[in-house]
Amino acid sequence: MRLVRFILQTPNGRIGLIALSVIALDQLTKQIVLRSLGYAEEKVVVQGFFKFVHWGNTGAAWSLFRGNNLLLSFVAMAAVVVLFLSRHHFDSRTLLGQVAFGLIFGGIVGNLIDRLRVHHVIDFLYFYLQQRSGAEVGFPAFNVADSAICTGVGLVFLLTWRGEHNPKTAPSSPSKT
């Protein structure tokens with residue numbers, strides 16, 4: 001119990017706890033997918049709108065740079081190091097900033113585990129619309145780690161924007177009269 005209290009009392013501890021929670025949830029959901037669906041298999045949840053799928057992605061977001069799994073693994077490792085070393089530039093002292101960085105770190109590491117373990121990122125959430133012709137128009141499939149990264153980056157943008165629009169005022173000096 002003391003360890004948990006100690007972790008929660010430090011900014012890096014809170015970032016780490018959130019990151020570990022994201023990694024655990026991400027890997028748990030991916031294990032459920034691996035046990036429930038064969039590769040490239042799909043299960044309709046809401047007809048014409050949402051499917052659970054088991055798709056592999058060797059690229060980055062929206063399958064950009066497809067086929068570059070090893071390179072993207074190194075990029076992910078470098079990103080974690082650079083973000084960790086530069087986190088103080090992005091308001092990581094506030095609770096919201098710590099949540100943002102915990103989400104980003106957890107998401108990057110969750111997808112990195114897939115890249116190293118199964119040589120692709122496991123995506124399984126697929127939202128789409130069914131056209132009258134029967135064709136699907138969909139958002140790229142994603143996973144818990146992707147959601148955490150996007151949410152964390154969005155929070156960092158929000159914090160940065162808020163900081164730029166609410167500049168800290170310097171204390172005024174007493175006037176001499």
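Patches are made here of residues that have over 30% relative accessible area and no salt bridge, with like charges joined within 9 Å and nonpolar side chains (Val, Leu, Ile, Met, Phe, Trp, Tyr) joined within 5 Å. The model is predicted, so that local features need pLDDT of at least 70 and side-chain atom pairs count only at pLDDT 80 or more, while totals for chains, interfaces and linings use all residues. Residues are numbered from 1 along each chain as its sequence is written, and side-chain values use heavy atoms, with hydrogens and water left out.

A nonpolar surface patch of about 620 Å² is formed by Val45, Val46, Phe49, Phe52, Phe127, Leu129 and Phe139, with accessible areas taken from the Shrake-Rupley method with a 1.4 Å probe. Two or more residues of this patch are given by each of strand S1 (42-46) and strand S3 (121-130), strands being DSSP E runs of at least two residues and helices H or I runs of at least four. Val46, which lies in S1, has a relative accessible area of 40% and is therefore partly exposed, that is, between buried (under 20%) and exposed (over 50%).

Note on methods:
Salt bridge = Lys/Arg side-chain N within 4 Å of Asp/Glu carboxyl O. Buried < 20%, exposed > 50% of the residue type's maximum accessible area, 1.4 Å probe, protein only.
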